[in-house]
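Hi,

Here is the structure I promised to pass on.

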Amino acid sequence: MILSTIKIKNKFKNKVANGFPLLTKEMLVNQDQLKQEGDILVAVDERNQFIAKGFQGNQNKGIGWLLTWDSSEEVDQRLFSNRLRAALGRRKSWFTKTNTTAFRVFNGEGDGIGGLTIDYFDGHYLFTWYSEGIYLFRDEILAAFEELSSYKSIYEKKRFDTKGKYLADDDFVRGERPSFPLIIKENGVNFSIYLNDGAMVGVFLDQRDVRRAIRDRFADGKSVLNLFSYTGAFSVFASLGGAVKTTSVDLANRSVAKTIEQFSMNGIDYEAQDILVRDVFRYFDYAVKNNVKFDLVVMDPPSFARSKKHTFSAAKDYKNLMKQAIDVTEDKGMIVASTNAASFNMKKFQRFIDEAFKEKGIRYEILETYSLPEDFMISSSFPEGDYLKVVFVKKK
Ligand code: SAH
């Protein structure tokens, strides 16, 4: 790997020195110092004093990540091994659980390597690479991992622009190919997981605590609407928590078979549930016209989505989405509003919710809020890494 020195502007010196791990263009005195993905970067201040070391890896949010603030530490397999060992050690208790067999083992910069996450699915591991730069360290990282941990299989996802070079294979890396689906458990509930079938594997692990809250405390006796439902995870938990009926709405055709599968895995009669392939915004029109309302509405839209008629951006459109959700929620009913948009924080999210209720002239009460669960480790120098925001709000 090539070593380049990058000079950090005085203005950003303290921030970087204090452990902020993300490198952005605006921090650099001279952008020509950046050469290529995977280069090892030595960050110095304007007086050429060492601050930190990292690597170049372009993502939307920045141009690379810092890995160490110790000038004697090299960016090599040993460093990766140390970060992985610490992360595995922090999750020791997770490996022994029997009613939850899937969790995040390594959470990017929160565990000391930006641009890499590793998830555990009952002995199988999924590595997700978020930049070409981090992918160039793949061999060292995998070698370090193999020394530290046994595994049944390793799969990977590349979440960066591969400029057509990425031939669609089934993402298998090593170990023994299992037959899919894997059946994992989350708080006693079964999930079918496909590590070999596109970007999404069947469940978003970061919503674990939200699903449990819905099942254990909020679903009993309720009619439930699950918008942007994907594989219907929230519907399954609501149903197991005693919901009288769930309605799942997702635009993607695949969502029907996937949702039927998740219900069936848990002994729920899917024919007693509604599973609709529909644009959520069209569904709102239908529900309002026919005065269809629900006791509990769960909505977890993507940060950005384009359908035939609509472009949805959470940062711009969440308030309006919330107003529409309010329309289809019974009086005294509840909305679980969720977003994974990294471009705004919890405070701003609650402002969208507040404005939506105010514009509707309806009072509300926030009952609970959630951010990332414990296994999605966050760096105290980078609280922005906690992208998940979920608010349980009751219509008064
Ligand atoms: N809430 C889900 C995850 C949602 S992923 C869970 O907990 O598992 C986002 C989903 O939104 C995708 O399945 C996508 O197909 C769906 N989607 C995107 N735009 C949509 C729209 N306009 N109407 C309905 N579904 C949409």
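Phe312 is buried, because its relative accessible area is 3% and the cut-off for buried is under 20%. Bear in mind that this is a predicted model. Phe281 also counts as buried, at 10% relative accessibility.

The model holds 29 aromatic pairs. Phe281 and Phe312 form one of them. Their centres are 6.0 Å apart, with 35° between the planes. That pair is tilted. Where do the two partners sit in the chain? Phe281 is in helix 9 (residues 280-289). Phe312 is in strand 18 (residues 311-313). They are 31 residues apart, so the pair links distant parts of the chain.

Next, Trp94 and Phe103. Their ring centres lie 5.5 Å apart and their planes meet at 35°. Planes under 30 degrees apart would count as stacked and over 60 as edge-to-face, so this pair is tilted. Trp94 is buried, and Phe103 is buried as well.

Both residues also belong to one aromatic cluster. Its members are Trp94, Phe95, Phe103, Tyr120, Tyr125, Phe127, Trp129, Tyr135, Phe145, Tyr151 and Phe160.

Two charged residues are worth a look too. Which residue lies over the face of Trp94? Lys97 does, at 3.9 Å from the ring centre. Over the ring of Phe237 sits the charged end of Arg211. Its distance from the centre of the Phe237 ring is 6.0 Å.

Best wishes

Notes: Residues numbered from 1 in each chain as written. Predicted model: local features only at pLDDT ≥ 70, side-chain atom pairs only at ≥ 80, totals over all residues. Heavy atoms only, no water. Phe/Tyr/Trp six-rings, centres within 6.5 Å; stacked < 30°, edge-to-face > 60°. Buried < 20%, exposed > 50% of the residue type's maximum accessible area, 1.4 Å probe, protein only. Helix = DSSP H or I, 4+ residues; strand = E, 2+ residues; numbered from the N terminus. Lys NZ or Arg CZ within 6 Å of the ring centre and 35° of its normal.
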